[in-house]
Structure formats: structure tokens, C-alpha cells
Amino acid sequence: MKSKYLSVFKVFSKNAMAYRAEITLDAVFYMLSSLVMVAVWIAVYHFSNLTSISGITISSMTVYLFAIGSIGFLSWPGVANVLESDMRSGEIASSLIRPIKYPYATFVREIPENLIFSFAGTLPIFVIIYVIAGLHLTAMQVLMLVIEMVLAYLIINFIGFIIGSLAIYLTDIYGILNGVTWTFSLLGGGIMPLLLYPKIFYGILMLTPFPFLYYVPGGTFTGIIPAAQLPGLVAEGAIWALILLAISVVVWRRVSRDINAVGV
Amino acid sequence: MLENISRNLRMYYSSQKVLWKDIAIYRMQFIVWIFVFMLSTVASVVTITIIYNVSSGVAGWSYYQMLVVSSLANMMIGLVLYNISPQRLARTMRNGQFDQRILKPYNPVVTMLSLYGTKTSIGSVISGALVFGYAAYMAGISASGLFEMLFIFAFGVVSLTMFLLTITLLSYVLFNSAGYMQWITNIASRAAQYPLTIYGLPGTLLFTVGLPVGLASFYPSALVFGKVSQVSVVLVIGVEALSIAVYYCACKWLTKKYRSGGG
């Protein structure tokens, strides 16, 4: 049983490995994009003559902006693309009759690319920033960071699965996916740490799943989020992942009844 | 010559009519994409508002002046993408469809700008214009200042459009791909949201001549708010006019060099 999913995983791992040069170039562009915001914030700190804004120093801000830039590798809900492409091409009809569960297979197909992009893109950048900025993370913070990254992956991809499932009704879901990624960036700390938002907005946003993609991992890495708050945040992230999983199951059960592949 | 220009403009207008009719069929998709493009303006306004809320902002630039720069950048990128989508153009070149288009008796540059844009980027233009109107009013820009601004802005947009078209063609000729043009557009759009002076002299030169995003957003604002002299702006307009001519010639040359993927 397990070997079927392992085989799918192996095949798609080989495919993902073909994009090594792309990963390197993407990493360069992510950093260049972050560099623009770093320049803006350096100008702001210098002109305002401030050493810290809402408790965030200029060096923490720089590290945060580069860190969330590298998280960009994980910010696209690739599972949605798998579903949309299968539904559009009619491939889903043959996938459903294979002796593997299609929803699991979509994740197994997507995970290799995300893993390789994380190991080849996000991880090296994190290590470089860690060394250059002279950060000191405890073993507990590193563990929490790893769990948060997994939760971020699950949250964005469960949302992707829900949107991807709707491709059967909407056909083209790229607009919605782009809207979702923009919303995560805006409301989840993809532009700046959420601590800078007005307190009431910060309080509300911390109750939503949005901060788990950027602010929580970025804040853990830079130390903006105190270590004592991390277990609570991880628990909240896990609850959001479970809620989104439950919604995904309900949506898939409803959608799978309406699948009527045409194929082009 | 005038007849030739008029014929090409008529083709551009007719193409837009057809493309908009095409969009009207998929209204829901269109609305979603308009909303997505508007989010970029929302993100800019949120960022600038928070910056000015928690600090004194950027040296020499008030909150509303900063919003003017940022909204012009959003309008600029919306207008550029309306006319040219690098990925779509490269895809059409690769599958051979572009060959059919350039065989028609129209200017190839106008043909590319007519057919391969992202029409939904009009969302960025609309939201940018709304923020610009409000910020320009609050910043106290006069009617003559507004006219000057929009004149330089128009030049800047044409210059950036021709630049993007040139590097897309160059990328296709060299690598048979335009995959990284999206990244260049993203970085350009982000950098243009703020006064170029924050990037230092190398950044100012880079975003004026290398990746000419400042021509449409920074310089018109800097002139009206008295941050640069009239002479500098005349020089910038000269650079813009020259760049447009150079990019146009480069595009025509690259079009001849291009080989389709065959279809």
C-alpha cells in the first residue's frame, strides 16, 4: 500500500530535481525583491533616527525581510495546480480509477517539489542569514521553526486543495489563487512584521490562519516572537490545519460527485 | 507615413475591441483578476500608511507625496502589462502563432502591443488612479503641475513598455524563454513605489537608465514637489525619448532575428 505512494513520490522527486538552476535563480530574485524593502526600511529608520520601531531593530527587520523572501518558495499552493490541471485535461478520470486515493496522490505529487525547493532554496538562505546576522536560536526554537514551516505548508496547501477542487465549477482558478497569495502576504506579514500593524488589527490577524505562512516562521527565526509564545502559536497553527483539512474533506466529498471529465 | 500610423492605430483599436469582447464572456474570471490587480495598490497604501504611522517616513517626502509616487507606479505597471505580457508573447512565439501575426501588413511592434497584453491589469490602473486622485488633491498639486506630471508619466510608460518588449524579445532570441521577465516586472513594480533617492546613487541610476521604472513614477512627482530641478527633468525627458527610439529599433531588429518554435 505504502509503496504505491512512495513510487509516485520518487517519480515526482526526479521531475523536481530537473529544476535546480531555476531554484537558484528564483532564490536570487527573491533576495533582490527583499532588498528593495530592506532599502526602504533602512531609509525609514535613518530618517526617523530610531533604533527600534515597535520593538523591532533595523537588523531584525532586515533579517525578517530576507527570511520571508525565502519563504516565498513555499507560498504557492501547488496542490491547486495539480487538481486544476487534472480536471482541465481530463486526467482526473483515469486518476480516480487507479488503486490509490486521488486526494493523497495530489499531495504526494506536490511534496517532492516543495521539499526540494525548501532544501535547495529556503534552507540555504536561512543558513546564510543565520551566519551573517549572528543569530542564536535554541534547539527548541529550531524545532518550533521546523514545525511551523510544516504547518505553513499544510495550511496553504489545504486552502489550495479547497480552491483546486472548485476548478470543476470555475475552470480557471489562477485568479483566485493569486488573490489568496496576495491576501496571505498582506494580512500574514509578507510585507512587514505584523507587530507594526495597529494593535487591534494585530490581535484580530493573530486569530486567523494568515500569519502562519510568513509572520510566525519569520518572527521565530528573527526572535521577534518571544520563545515562550511559540508552543501556543504552534498549537493554534495545528488547529487551523485540522480545520482546513476537515473543510477539504467535506468539499472533496461534494465535488467528487460532480466530476464529469471531458478532456481536451 | 501618417496613413501608415493611422492604419496601425486602427488595428490596435480593433484588437482591443475584440479582446474586451472575449473577456466579457468570462465575466467572473475578469472580476477576480481585476480584484487581484487592485490588491497590489491596497498593499502599497497599507505599507506606506504603516510606515508613516510608526515613524517619520522617508526624508523629504510627506505621506501624501509618497502616495502619489506609489499610485503612479501602480498605474504605470498596470498600463505596461495591459500592452505586453512577456510570458504570453514568448508562448506565442514558441508555438508558432506569432508567425501568422507578423505576416500581416502591420507594424510588428504595434502587433505585439495589440495582442499580447494582460487586459485585467486595468485593475491596477483603476485603483492606482483612485489613490492618485485622492493623494494629488491632498498634496495640493495644481492643474498645471498635474498636466506636467501626466506628460512625463506618459513618456515613462511608453519607455518602460518598449524596454520590457525589448528584453522579452532579447530573452526569447537568446534563451527561447521569457520565464524571468515576471520577476523583473515584480522587482520593477516594487522599486518604483518609493522615491529613487532611497536606493542611493547606484540605485537611482539603475532605476532611471538600466531598468527605467523611475521615469514614470519618481521624476514626475519629484518635479512637481520641487525635489529636482527643471533642467534635470528636461534631461530625463531627453533620456526617455532617446530610449524609446533605441528600444523601438532594437525591437524591430530582434523581430527579424527571432525564430519560432514551429508550432
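Student: Which helices of chain A each supply at least two residues of the lining of the second largest pocket?
Tutor: This is a predicted model, in which local features need pLDDT of at least 70, side-chain atom pairs count only at pLDDT 80 or more, and totals for chains, interfaces and linings use all residues. Residues are numbered from 1 along each chain as its sequence is written, and side-chain values use heavy atoms, with hydrogens and water left out. Helices are DSSP runs (H or I, at least four residues) numbered from the N terminus, and the two that qualify in chain A are helix H6 (102-133) and helix H7 (139-165).

Student: How many residues of the lining of the second largest pocket come from H6(A)?
Tutor: A pocket is, on a 1 Å grid over the protein atoms alone, an open set of points where a 1.4 Å probe fits, with protein on both sides within 12 Å along at least five of seven lines, and its lining residues have an atom within 4 Å of a point. H6(A) gives the largest share of this lining, namely 12 residues.

Student: How many residues of chain A are in contact with chain B?
Tutor: Contact means heavy atoms within 4.5 Å. On the chain B side 27 residues take part, and their partners in chain A number 34 residues.

Student: Which helix gives the most to the side of chain B that touches chain A?
Tutor: Helix H2 (27-54) and helix H9 (181-191) of chain B each supply at least two residues of that side. The top contributor, with 13 residues, is H2(B).

Terms used:
Chains lettered and ligands numbered in written order.
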